[in-house]
Amino acid sequence: MAKEQFVVTPWEVSGKVDYEKLIKEFGTEPITDELLGRIKKHTKELHFMLRRKIFFSHRDMNWLLNEYEKGNKFFLYTGRGPSGPVHIGHLLPWILTKWLQEKFDAELWFQFTDDEKFLFRKKQDAHLEDYQKISYENALDVIAVGFNPKKTHFLVNSRPEHAGLMHDEAIKIADRITASTVKASFGFEDSYSIGQFFITAIQAVPAILPSVLKGKNIPCLIPLGVDQDPHFRVARDVYPKLGFYKPAIMHSKFMTGLLADGKMSASIPQSTIYTTDTPKEVEEKIKKHAFSGGRGSLAEHRKYGGNPDIDVCYQWLQAFFEPDDKKLAKIYNDYKSGKLLTSDLKSYTIEKINAFLKEHQKAREKAKKQLDKFLYKA
Ligand code: TYM
């Protein structure tokens, strides 16, 4: 692959992602200061992931806000494909989703695509039931983010009551999507199973399910990592044909892995911080593996300064762990000038991550008793 090439699909992210180019390729719109101003009118403040354009792109946000301003409230929809343990990259879109739920007092529908992860499994001897178990573990992480149990509804695709609820709409959506559209959108070949072809239809359903259940059209906003956009790019052509609104979408950039560019991915454990990692594991992974923008020697670093723009710890503070803009700017400037050393930056990041994980893990334990409140019941 040439250096400037990259791939972003729901199942593969590789190369150095050029987000401006992605906006053009996917046909989305950049999140502008003007749009942020419109959001702020309602939320009074802006989450740092918005201020810093970690959420960088959108579809139809102006339409969504027009509807909201007319009194037509929206619901939120997002999800998780339970392939293994949750890592901190997954939490990124969910944290903004929680903030949006609070600020707009919105219902949230959250889908677990255990069926998808079975169909796309790497180990051929794995069973559908294995992914149902992972769904349960992952659901604890979702609850730990702090969603409102009264306003949050989990749909687990393989649970009969949820599958039954979604089946008819999935069939109607699938009826409108040809195999050639799926092939062109995801690069599938004829060797792919018909189950894999069907997944987009199932992932599309929760964006209209509340409208179906209430018998009236309700606007929907989907915050997600940009790799999941292609499902909705396909489905958005279908919704109006079935009489529904197209959902609005906000896309986040990827949290990079420890080893540098690219998306943090559970398939590269040494590049990934899991939500269940111990303080020691976090420390070791960062000290050993975090790609740094520092110079070769201490003397050189002091003299010429480091490069925060390629430093993984800095990227993580910016995207997730340092909400305070002033502190972040000081870290940036001190690292660039050589005053702040790589070892200091790593220690600071380890502290921040471990403080976050301590709270998350406590909430994750408590979540075991709360799961029932979150599962959707008709
Ligand atoms: P999944 O489980 O791969 O990812 C869950 C969410 O996390 C995002 N994500 C990331 N965001 C930032 N940095 C990263 N390194 C990173 N890795 C993953 C994903 O984009 C996603 O938003 N099929 C879906 C599950 C799903 C879904 C949805 C997702 C069902 N319905 C609606 C979004 C919206 C999946 O496998 O996601």
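Lys-151 lies in the loop between helix H7 (128-144) and strand E7; helices (H or I, at least four residues) and strands (E, at least two) are DSSP runs, numbered from the N terminus. The model is predicted, so local features need pLDDT of at least 70 and side-chain atom pairs count only at pLDDT 80 or more, while totals for chains, interfaces and linings use all residues. Residues are numbered from 1 along each chain as its sequence is written, and side-chain values use heavy atoms, with hydrogens and water left out.

**Loop residues**

With a relative accessible area of 19%, Lys-151 is buried; buried means under 20% relative accessible area, exposed over 50%, and partly exposed in between (1.4 Å probe, protein chains only). Leaving aside residues up to four places away in sequence, Lys-151 touches Gln-101, Asp-105, Ala-106, Glu-107 and Leu-108, where contact means heavy atoms within 4.5 Å.

Two other loop residues concern the backbone. Most residues other than glycine have a negative phi. Lys-53, however, has a positive phi of about 55° although it is not a glycine, and Lys-53 sits in the loop between helix H3 (48-51) and strand E4. Asp-60, also not a glycine, has a positive phi near 60° and is found in the loop between E4 and helix H4 (61-69). The table gives the accessibility of selected residues.

| Residue | Relative accessibility | Class |
|---|---|---|
| Lys-53 | 25% | partly exposed |
| Asp-60 | 26% | partly exposed |
| Cys-220 | 2% | buried |
| Cys-313 | 3% | buried |

As for cysteines, a disulfide is a pair of cysteine sulfur atoms within 2.5 Å. By this rule the model has zero disulfides.

**The sheet**

Seven strands form an open sheet in the order E3-E4-E9-E8-E5-E6-E7, with mixed pairing. Strand E3 (29-30) and E7 stand at the edges with a single partner strand each, so one side of each has no neighbour in the sheet. Two strands pair if DSSP finds at least two bridges between them. Strands of a sheet pair through backbone hydrogen bonds, either parallel or antiparallel.

The pairing of E3 with strand E4 (residues 55-59) is antiparallel, over two bridges; here Pro-30 has Ser-57 in E4 as its bridge partner.

Strand E5 (residues 75-80) is mostly covered, with five of its six residues buried. E5 pairs in the parallel sense with strand E8 (residues 220-225) over two bridges, and Leu-76 has Leu-221 in E8 as its bridge partner. E5 also pairs in the parallel sense with strand E6 (residues 108-112), over five bridges, and Tyr-77 stands opposite Trp-109 in E6. From E5 the chain passes through helix H5 (residues 88-104) to E6 in a right-handed β-α-β crossover. A crossover is right-handed if, with the strands pointing away from the viewer, the path from the first strand over the helix to the second runs clockwise.

**Helix H8**

Helix H8 (residues 160-174) has 15 residues and reaches 20 Å from its first C-alpha to its last, close to the 21 Å expected at 1.5 Å a residue; the expected span is 1.5 Å times one less than the number of residues. At His-167, H8 bends by about 40°, the bend being the angle between axes fitted to the seven residues ending there and the seven starting there. Its residues His-162, Met-166, Glu-169, Ala-170 and Ile-173 are buried. The elements covering the buried residues of H8 include E6, strand E7 (152-156), helix H10 (194-204) and helix H11 (209-214).
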